[in-house]
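Hi everyone, thanks for coming. Let's bring the model up on the screen.

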Amino acid sequence: MAKLPRIAFILAVLAIPFASVSKASPVTLSTTTIGGGYAIDTSYDDGAALADGTALTQTFTAASQIDALTFRFITVGSPSVAAQTLDVYFSNWSGTDATTSIDVGTFELPAIGSWTVDGTKSYYDMVFDMTSVAGSLTPANTYGLSIVGNAATAGGNYRLGAGDTAYGDGATHTSANVATFANLTSGGTAAGADFAFIANSAA
């Protein structure tokens, strides 16, 4: 599981005494956009390219806790590049742009040996451990997980696959020329279909 680094602010929030915590039931996130009609070719065609410097973002609302997010990466044939280290951002969102950063990290997308071949495509389901950054969310807010492509993912025709089931409490966005979090705060555009993901909380 790729794990975003822990940040002191989140730890401080989690250290708040129990007496100050609301008694309302948590709205945990348990959903998937990979339904019974999933087709890898359609998912690849309707997904979005991990172009060099392009951030692909899936947003989420109406959740107070997310433990894990799994995204499906797809390429034509077999992956043609070695394992890649990619940047990932978790932040607050409004419209098509990020507003405040919650955490920044990296993860390693593995090379060919870990991918699953499905017809003329190969895919890899990357699991992000969100417990340290999304264990205490405000349901009224919108949050986004952004994955940034690089030259190798662009050259290897890597894409985030599209889901075959819509997610009603979020949307997808594309941001170009992303090198730092500040590049996510303006110029984003709607990307279309929700990405192929599975989100869940054990709580």
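I'll go through the ring pairs, then the charges over rings.

A quick note before we start: this is a predicted model, where local features need pLDDT of at least 70, side-chain atom pairs count only at pLDDT 80 or more, and totals for chains, interfaces and linings use all residues. Residues are numbered from 1 along each chain as its sequence is written, and side-chain values use heavy atoms, with hydrogens and water left out.

So, how many aromatic pairs does a search of the whole structure find? Ten. Rings of Phe, Tyr and Trp (its six-membered ring) pair if their centres lie within 6.5 Å; planes under 30 degrees apart are stacked, over 60 edge-to-face, and the rest tilted.

Take Phe60 and Tyr167: their planes are at 50 degrees, so this pair is tilted, with the ring centres 5.6 Å apart. Phe60 is in strand 4 and Tyr167 in the loop between strands 11 and 12, 107 residues apart. Strands here are DSSP runs (E, at least two residues), numbered from the N terminus.

Phe60 also pairs with Phe197, edge-to-face, at 5.3 Å and 85 degrees. Phe197 belongs to strand 14, 137 residues from Phe60.

Phe60 is buried at 1%, Tyr167 is buried at 7%, and Phe197 is buried at 0%.

Finally, the charged end of Arg72 sits over the ring of Tyr123, 4.0 Å from its centre. That term needs NZ of Lys or CZ of Arg within 6 Å of the ring centre and within 35 degrees of the ring normal.

Conventions
Helices (H or I, at least four residues) and strands (E, at least two) are DSSP runs, numbered from the N terminus. Buried means under 20% relative accessible area, exposed over 50%, partly exposed in between (1.4 Å probe, protein chains only).
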